Amino acid sequence: MTTSNKTFAMGRVLLGALFFISAINKILGFSFVSGWMASAGLPMPDLLLVLTIAIEMIGGLMLITGWHARYAAVGLAVFLVPVTLVFHAFWSADAATFNDQLTAFLKNAAIFGGMLLVWDRARHVKA
């Protein structure tokens, strides 16, 4: 494995770990997260949370292992769009939370960019 491939693999693993650990934290705090989702006006928060956990856990593991990393990257990128728009709408945040929401929005945008890089690079690299 070349240095470039090792660097790519490390980045892919770190991106995957972000989603996998997030899924575990959602499992551990299921009722809290479900309540937070309900307070955001989402219907069927328990069902949506189960789907979220599945997407984050499966997608994260796929990135970590490199197994079909391109599919994981596309799936997670698509997942990030509504999540970011619903939960980090800095444009409608009050003054007290504006900076936090802007930072979270930009963080998710950067992760989206990482998913685009994985999607593009994974077609040239074996896990």
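**Questions about a helical chain**

Modeller: In this predicted model, the chain exposes about 7,600 Å², and carbon and sulfur atoms supply 73% of that area.

Biologist: What makes up the chain, in helices and strands?

Modeller: The chain has 5 helices and 0 strands, and from the N terminus on its elements run α-α-α-α-α. Its C-alpha atoms fill a box of roughly 50 × 30 × 20 Å, taken along the principal axes.

Biologist: How do you know that the span of helix H1 agrees with its number of residues?

Modeller: Helix H1 covers residues 3–28, which is 26 residues, and at 1.5 Å a residue these should span 38 Å; the end C-alpha atoms are 37 Å apart, and therefore the two values agree.

Biologist: Which residues of H1 are called buried, and why?

Modeller: The word applies to a residue with under 20% relative accessible area, and in H1 the buried residues are Asn5, Phe8, Ala9, Arg12, Leu15, Gly16, Phe19, Ala23 and Lys26. What covers them includes helix H2 (30–39), helix H3 (45–65), helix H4 (69–87) and helix H5 (98–121). Of the 127 residues of the chain, 33% count as buried.

Biologist: Why is the pairing of the side chains of Asn5 and Arg121 called a polar contact?

Modeller: A polar contact needs a pair of N or O atoms within 3.5 Å, one able to donate a hydrogen and the other to accept it; the side chains of Asn5 and Arg121 make such a contact at 3.4 Å, so the value falls within the cut-off. Leaving aside neighbours within four places in sequence, Asn5 is in contact with Arg121 and Val125.

Conventions
Residues numbered from 1 in each chain as written. Predicted model: local features only at pLDDT ≥ 70, side-chain atom pairs only at ≥ 80, totals over all residues. Heavy atoms only, no water. Helix = DSSP H or I, 4+ residues; strand = E, 2+ residues; numbered from the N terminus. Expected span 1.5 Å × (residues − 1). Buried < 20%, exposed > 50% of the residue type's maximum accessible area, 1.4 Å probe, protein only. Contact = heavy atoms within 4.5 Å. Areas by Shrake-Rupley, 256 points an atom, 1.4 Å probe, with all protein chains shown as cover.
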